[in-house]
Amino acid sequence: MPKGIYVRTKNKPHSKERKQKIGEALEGIKNPRWKGGKQTIASGYVLILDKSHPACNCRGYVYEHRLVMEKKLGRFLKQEERVHHIDRNKANNIEENLALFSNDSEHRKFHLNLMTGGDRYGNIL
Ligand SMILES: [Zn+2]
C-alpha cells in the first residue's frame, strides 16, 4: 500500500485523528457550503470567519456589524458595547448604518424611545 494514502478496511473504522482531519478539510474551502467565511444566522445577523479575533465564538465567527464598527473606531469593542442598526436591517452592515451604544441598557433605552415614537415592532436590532 502506498505510504500516506489511507484505505478503509472492513475491520478498521476511521480513527479519531482521521475523522478530525476530514472535519477540518470540510470546514474550509473544500466544503460545498463554503461561502467565503461569511454567513447569515437565523436571527438575521451576519457572521464573518475570523479565528484570530478576540471576540470570535467557538467556531471562529464574529458579528460583521461589530467588525465594521471596530474598523471605524480603530479599536476592539468592549463586550458590553452594542452596535445598533439605524435602518433596523441587521444584514445592512455599512458604516453609515451603524451606531454605537456604551452598553445594552443604553441601547434598550434608545429602542424604548423609538417605540414611543411609533415603532410597532419594538424589536431590538
Ligand atoms: Zn438597536
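This is a predicted model: local features need pLDDT of at least 70, side-chain atom pairs count only at pLDDT 80 or more; totals for chains, interfaces and linings use all residues.
Reader: Before anything else, what counts as a helix or a strand here?
Author: Both are runs picked out by DSSP and numbered from the N terminus. A strand (E) needs at least two residues, while a helix (H or I) needs at least four.

Reader: In what order do the strands of the open sheet of 3 strands sit?
Author: Follow the bridges. β1 is joined to β2 by 3 bridges, and β2 (residues 46-49) is joined to β3 by 3 bridges as well. The pairing is antiparallel, and the order is β1-β2-β3.

Reader: Which strands stand at the edges, and why is one side of each left without a neighbour?
Author: Each edge strand has a single partner strand, so one side of it has no neighbour in the sheet. Neighbouring strands here are also turned against each other, by 30 degrees on average if you ignore direction. The two strands at the edges are β1 (38-40) and β3 (61-63).

Reader: Which residue of β2 is the bridge partner of Gln 39?
Author: Let's come at it from the β3 side: Tyr 63 in β3 is the bridge partner of a leucine, Leu 47. Gln 39 has its bridge partner in β2, and that partner is Leu 47.

Reader: What is the phi of Gly 44, in the turn between β1 and β2?
Author: β1 and β2 run antiparallel. They form a hairpin, with 5 residues between them. Gly 44 sits in that turn, and its phi is positive, about 100 degrees.

Reader: Which helix packs on the sheet, and what angle does its direction make with that of β3?
Author: The helix is α2 (residues 64-73), and it touches β2 and β3. Just after α2 comes Gly 74, with a positive phi of about 75 degrees. As for the direction of α2, the angle with that of β3 is about 70 degrees.

Reader: Which residues of α2 are buried?
Author: To be buried, a residue needs 20 or more other C-beta atoms within 10 Å of its own. Across the protein, buried residues make up 10% of the 125 residues. The buried ones in α2 pack against β2, β3, β4 (82-85) and β5 (98-101). They are Glu 64, His 65, Arg 66, Leu 67 and Met 69.

Technical notes
Residues are numbered from 1 along each chain as its sequence is written. Two strands pair if DSSP finds at least two bridges between them. Axes are lines fitted to C-alpha atoms, for helices over the stretch in contact, and angles run from 0 to 180 degrees between N-to-C directions. Two residues are in contact if their C-beta atoms, placed from the backbone, lie within 7 Å. A residue is buried if 20 or more other C-beta atoms lie within 10 Å of its own, exposed if 12 or fewer, and partly exposed in between; C-beta atoms are placed from the backbone.
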